[in-house]
Amino acid sequence: MPTLPGVHLKDEIAKISNRLMELGRGRQPDKASWEKVELARHPKRPYTLDYIEHMFPGFIELKGDRLFADDPAIVGGLAAYQGRTIMVIGHQKGRDLPSRTYRNFGMPKPEGYRKAQRLMRLADKFHIPVLTLVDTPGAFPGVAAEERGQGSAIATSLMCMAKLQVPTVAVIIGEGGSGGALALALADRVMMLENSIYSVITPEACAAILWRDSSEAQQAATSLKLTSADLEELEVVDEVLPEPRGGAHKDYAGAARILKEALEDSLRELETVSPLQRKKERFEKYRRMGVWREEGLTLF
Amino acid sequence: MANKVSVDISHRGPNGSIKGGESCPSCKELLTSEELESNLRVCHHCGHHLRVSARQRVAQLADEGTWNELAPHLRSADPLEFFDVRLYGDRIDEAESETGLNEAIVTGTARIHKMDVVLAVMEFGFMGGSMGSVVGEKFWRAAEAAIENRYPLLVFSASGGARMQEGILSLLQMAKTTCAVELLGEARIPFVSVLTHPTTGGVLASFATLADVIVAEPGSLLCFSGPRVIEQTIKEKLPEDFGRAESNMAHGQVDIIIPRNELKDRLVQILGMLEGGVACALEPLWEEKARPAGRGGAFAEALDRVKAIANAPWRAFKGRDREDQ
């Protein structure tokens with residue numbers, strides 16, 4: 001098609017032809033995916049400290065990264081659990097405007113990830129298993145956060161979790177937003193609550209980049225395959241935990257009970273394995289992540 | 001993650017180049033292809049480092065005829081059957097025809113100034129250098145090759161972040177590559193990462209910043225969140241030097257900035273030093289520069305012979321080490 005230099009209709013044509021194709025295949029934005037996104041972000045959904053309150057009555061919060069500051073978007077500390085100690089670390093959001101601002105909407109800065117790392121190293125030293133609860137829209141995008149090394153804080157957090165000798169369990173309890181979520185989720189067992197999501201990018205940002213239109217977020221949510229059922233199918237999570245009737249926000253105690261049982265089962269399995277073997281299995285699991293083709297074959 | 005990195009193309013033709021050359025994105029001077037090639041694609045007016053493709057980078061670094069590509073047949077699948085305005089498969093095909101590569105990273109073994117290395121170079125031209133399953137797998141295999149052969153690993157990154165079209169699987173490549181770096185660490189294999197323009201998102205937040213030594217090219221944009229995302233969040237215009245290599249170094253995030261014309265020599269020196277000093281003990285870098293080009297001359301040959309003798313016990317030791325495992 002003859003066009004003026006600099007005038008690119010290719011994207012527009014592709015957009016229309018794909019839309020036609022989607023219609024032909026009946027590929028409509030799937031309402032169920034978007035419902036999960038909204039449930040995962042539900043303002044009444046239990047957050048890390050709510051689970052801690054119900055699961056670990058003797059929780060002692062330890063603050064600060066011993067380098068720069070304390071980041072209230074990540075909380076962590078020691079808890080007594082079935083005759084032993086457990087290190088609990090998780091993203092924390094706020095409920096009302098002041099606490100939301102205080103918690104920075106659950107978006108950690110480098111000091112948050114560095115606090116998590118020092119707590120994990122502490123746990124490792126005393127053979128304390130680590131439980132992480134993941135619930136963040138993503139790591140905070142800001143100038144100061146960049147200057148303090150947001151990228152390297154996430155990378156070293158991943159490395160810290162990869163190295164741990166103790167059993168690690170991660171549960172995605174709400175929003176699993178991109179690298180900011182994964183930084184606390186490189187674990188031996190990764191579980192997801194039924195109505196949580198886990199994605200490489202928020203559907204809004206994905207729509208803004210690929211569709212150049214953030215109102216296509218529902219479509220993006222469908223395409224990204226971010227629901228717990230999708231992720232179980234992709235073998236990214238080990239187990240999906242059912243939520244109480246109507247969702248976790250209707251019954252905090254019930255949700256905490258389910259989480260506690262799952263934690264118990266996971267730890268029982270993980271603790272029968274030697275630290276070296278556990279690390280080996282962890283590495284094998286992540287080595288398998290991804291789908292590619294080699295010389296025409298599709299391999300897992 | 002997956003941030004868009006703005007590229008100023010206003011002064012370029014439809015395929016990004018001007019006939020017979022390019023104009024410098026920084027000072028706008030017109031540069032001919034020959035000028036660019038002879039100066040390693042650095043503008044000789046203002047010193048701006050223009051983007052280098054993965055193939056060009058390999059050619060700039062590897063000794064002639066020593067490049068041996070690893071896993072050249074790995075290609076992306078479409079595990080999510082992802083659909084946006086275009087099919088993922090079409091985007092891949094287009095990127096393949098534009099770059100002549102089948103993924104956003106090429107990996108291989110090569111010799112650089114006669115030093116054996118495993119070299120991995122990312123290609124920003126391939127879907128913004130985004131990391132999907134194939135990038136993660138190729139990185140893993142490169143690390144494995146480095147461990148097996150006991151060669152150091154040298155990685156050039158250039159990436160807009162994770163590949164959205166592979167969804168969560170691309171995010172998990174951050175975990176996968178991190179595990180690969182840990183394996184390198186356990187085997188005490190030196191790993192040097194060179195951050196080139198631009199390195200952002202999930203690549204910056206995984207293997208690229210986990211190296212033993214982090215090198216940056218001058219002027220490269222290195223940040224986790226892209227400038228546009230941050231501008232939208234804080235509703236302010238960012239300073240010109242935001243996230244640039246120089247600013248990253250001032251904030252302690254980068255070990256060293258090396259201009260491209262010194263890169264090859266200095267990288268070999270750094271890798272040699274990390275190997276325990278043995279490989280470079282007899283090779284003072286600055287004298288080497290004074291040598292005749294192409295490491296010719298009787299002196300260089302004699303030096304290589306001495307080096308080979310000096311290194312022999314070390315090589316033997318490393319060989320034994322391998323058998324033990």
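Student: What is the relative accessible area of B:Leu40?

Tutor: This is a predicted model, in which local features need pLDDT of at least 70, side-chain atom pairs count only at pLDDT 80 or more, and totals for chains, interfaces and linings use all residues. Residues are numbered from 1 along each chain as its sequence is written, chains are lettered from A and ligands numbered from 1 in the order in which they are written, and side-chain values use heavy atoms, leaving out hydrogens and water. Buried means under 20% relative accessible area, exposed over 50%, and partly exposed in between, with a 1.4 Å probe and protein chains only. B:Leu40 counts as partly exposed, because its relative accessible area is 24%.

Student: What is the phi of B:Leu40?

Tutor: B:Leu40 sits in the loop between α1 (33–38) and α2 (54–61) of chain B. Helices (H or I, at least four residues) and strands (E, at least two) are DSSP runs, numbered from the N terminus. B:Leu40 is not a glycine, yet its phi is positive, about 55 degrees.

Student: Is B:Glu81 buried or exposed?

Tutor: B:Glu81 lies in the loop between β4 (74–76) and α3 (88–99) of chain B. Its phi is also positive, near 45 degrees, in a residue other than glycine. The relative accessibility of B:Glu81 is 52%, so B:Glu81 is exposed.

Student: Which residue does a cis peptide bond join to B:His197?

Tutor: Look in strand β8 (residues 191–200) of chain B, the place of the proline. The cis bond has an omega of about -15 degrees, and the partner of B:His197 is B:Pro198.

Student: At what angle do the axes of α2 and α10 of chain A cross?

Tutor: Axes are lines fitted to C-alpha atoms, for helices over the stretch in contact, and angles run from 0 to 180 degrees between N-to-C directions. Angles under 35 degrees count as roughly parallel, over 145 as roughly antiparallel, 65 to 115 as roughly perpendicular and the rest as oblique. α2(A) and α10(A) are therefore roughly perpendicular. Their axes come within 8 Å and cross at roughly 100 degrees.

Student: Which residues of α10(A) make the contact with α2(A)?

Tutor: Contact means heavy atoms within 4.5 Å. From α2(A) come A:Lys31, A:Ser33, A:Trp34 and A:Val37. From α10(A) come A:Ala217, A:Gln218, A:Ala221 and A:Thr222.

Student: How far apart are the axes of α3 and α12 of chain A?

Tutor: α3 (residues 48–55) and α12 (residues 252–270) of chain A pack at about 75 degrees. α3(A) and α12(A) are therefore roughly perpendicular to each other. Their axes are apart by 9 Å.
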